[in-house]
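User: Please take me through this model term by term. I want each label set against its cut-off.

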Amino acid sequence: MNKNGIFGGAMRPASGRCAPHGATWTAVALGACLALGLGFAPASVQAQNRASEPVVLNFVGAEIEAVARTMATITGRNVVVDPRVKGTINLATERAVTPTAALNQFAAVLRLQGFSLVDTGGLYKIVPESDAKLQGTVVNAGAVASLPTSNQIVTQIFRLNHEAANNLVPVLRPLIGPNNTINVNPGNNSLVITDYADNLQRMGRIIAALDVAGATDVEIIPLQHAVAVDMVALVNRLIDSGAGGAGAGQADASYKTTLVAEPRSNSLVLRAANPARLALVRSLVTRLDQPSSKSMSGNIHVVYLKNADAVSLAATLRAAMAGESGGAGGGSSASATRPANTGSPATSPVAASAAPSTGGQIQADPATNALIITAPEPQYRQLRAVIDLLDTRRAQVYVESLIAEVNADKAAEFGIQWQGPIGKAGDGLIGLLGTNFGAAGSNILNLAAGQPGTVVPGPGLNLGAVNRTNGVYVLGFLARFLQQNGEGNILSTPNLLTLDNEEAKIVIGQNVPFVTGQFTNTGSNNNNGSVNPFQTIERKDVGLTLRVKPQISENGTIKMTIFQEVSSVQASSINSATGLITNKRTIESTVLVDDGAIVVLGGLLQDDYQGTEDKVPGLADVPLFGNLFKSEKRSRKKTNLMVFLRPVVLRDARETSNLTLDRYELMRALQKDAQPKASTVLGINEAPVLPPERAPATLLPGSAMQQAPAPAATPQQ
């Protein structure tokens, strides 16, 4: 027998003959019989008999492809070997086994060498293990016990009832082969694992042991002395450090310790991960819910605000208390408005610091953005409930403004001018005959009589003829043709991010001086007789200005008060004695738009036509011949200007961060595309680039913080 498991010589079976039906076949003998074409039944009957008869395997140093062909003969199934599968294997059995068991043992040997046997709808494929997960078609969503014990790649879906799927990933990942995958579907809290069937059965037993109910029922803990909101913040910080505490990042809210405040009844609502955690929280609450040592007639409480403005909120609370008590119990109400900004926009602070408000039971400390409340416990609890409702994170609105302007200018000019004398040289009286137009091009008389180099023909195609008179060349005929086309496409997108119900402003342009008055000092008071001119100048912003104040309603719509202006200085008026001329387009409106929708604010659609014609009466009206006696100029200007607005509501930090990172990466990509070409002569081959989004931010270009590399990508599970 050779190394491929096939007998040499006469290629006869081990017993010297082909075994009859029902006898024990060896893989070697079976292969020899097939090679000799021996048999006692039709081919279909032989394949059926071979698929049910036991065989004895005896391969030593055999090529994988040769063994695969033998397995195809034994099982009656086609086997395809990937060209990347190379090598030899040893496969032997001590006693006869069924073809299914022989195939399973063959798959086990392949598995040890980094290959897999994949069943794809009646066809077996032998591929590298890294590709098996992409070609397997067996998917099981039922009980893992229904999977047959085999060495084939299978995809199993585990649906969890109690434990969070994300929590089991770090536990199961080390138990799965490096070439196979585990994924989480948060939608139905399930795990999708692709691995060998026998390992999936082990995974099923582990998951069943971990996916058990452990959370307690909801508990209500009434408080006698402490404030529920303060108690929740303190207890959550204490239990966060323990395993299974609230805020540990678990996906399943029913399987972690959750503690929330119910201000109306001053109670705590608790659901613990397990009875031990429940007992711990109850013990902490009991120890902390103790009466205050301060006098009940003059308790002073300090409340640090997270989002609201202390000065404004103090005025609101004092007004509410004054209204509730008929104006007698709230004390004096200090003004909550900040000092007016009377300086110039460039030198004044963004928001002037407010002085601490005084008077009444509620005072504000702007330095720490805190409220100082002097009230007994029952009244303080009422105020604290109102404060917690008002001191919430306000949504933000990102406003995208699109100003699209398309211009098209066309101009055409055509004119013929001519001049000529009538008479002979030496005559006492000489006549002149010709045309002299100014609508299209320069006047022919100016061109004929002008000094050389001082007067030139107009732009376009100029055809002329000159006459020599007394040794001087004089222009006598001029034809001019001109056509001009001009197009402009301008798109401006000023963007703003502002808080709900807060006005934001952006100005992009220039600060242009305008002369508002002038005075010249001359006369006897001036000793040296010199002129002393004096001018008064007012500077104004010229460019693009956008002011927006959004207000978010409960149903998601946004009401916006908008002022938008686009202005520019007319180029022809820059050196004008009368002053500068500005072009201005302004929109001031209040609109209602849905979150993320685009609304058109307004615009300008203008189509301007102008035509000028100079001609000789009578002669110019003659068909065809009349064109020699006229000059014509036509122009058409079309302006299309539209202003669009798109607000997007950002309700939490995640949405704000996503938008910021999107714009950050956009600018970073533009900077990377704007890098200069490498040059060994110039020596400057790098332009500034923003650091990676996850690198520490810095304001110093070239510092070590700015050059921090981006973190390595997390490997896919």
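**Labels and their cut-offs**

Analyst: Nine of the 12 residues of α3 are buried, so this helix is mostly covered. Buried means under 20% relative accessible area, exposed over 50%, partly exposed in between, with a 1.4 Å probe and protein chains only. The model is predicted: local features need pLDDT of at least 70, side-chain atom pairs count only at pLDDT 80 or more, and totals for chains, interfaces and linings use all residues. Residues are numbered from 1 along each chain as its sequence is written, and side-chain values use heavy atoms, with hydrogens and water left out.

User: Which residues in α3 are buried?

Analyst: I64, A66, V67, A68, T70, M71, A72, I74 and T75.

User: What makes α3 a helix here, and how does its reach compare with the span expected?

Analyst: Helices are DSSP runs of H or I with at least four residues, strands are runs of E with at least two, and both are numbered from the N terminus. α3 has 12 residues, so it qualifies. The expected span is 1.5 Å times one less than the number of residues. α3 reaches 16 Å from its first C-alpha to its last, close to the 16 Å expected. Just after α3, G76 takes a positive phi of about 70°.

User: Why is the largest set of nonpolar residues called a core?

Analyst: A nonpolar core is a set of buried Ala, Val, Leu, Ile, Met, Phe, Trp, Tyr and Cys residues joined through side-chain atoms within 4.5 Å. The largest such set has 23 residues; L57, V67, M71, L91 and F106 have the most contacts inside it. β3, α3, β5, α4, β6 and β7 each give two or more residues. α4 gives the most, with six.

User: What is L91 in contact with, beyond its neighbours within four places in sequence?

Analyst: Contact means heavy atoms within 4.5 Å. By that test L91 is in contact with L57, N58, F59, V67, M71, Q105, F106 and V109.

User: How do you know that β6 and β7 pair?

Analyst: Two strands pair if DSSP finds at least two bridges between them. Five bridges join β6 to β7, so they pair; they run antiparallel. D119 stands opposite Y124 in β7.
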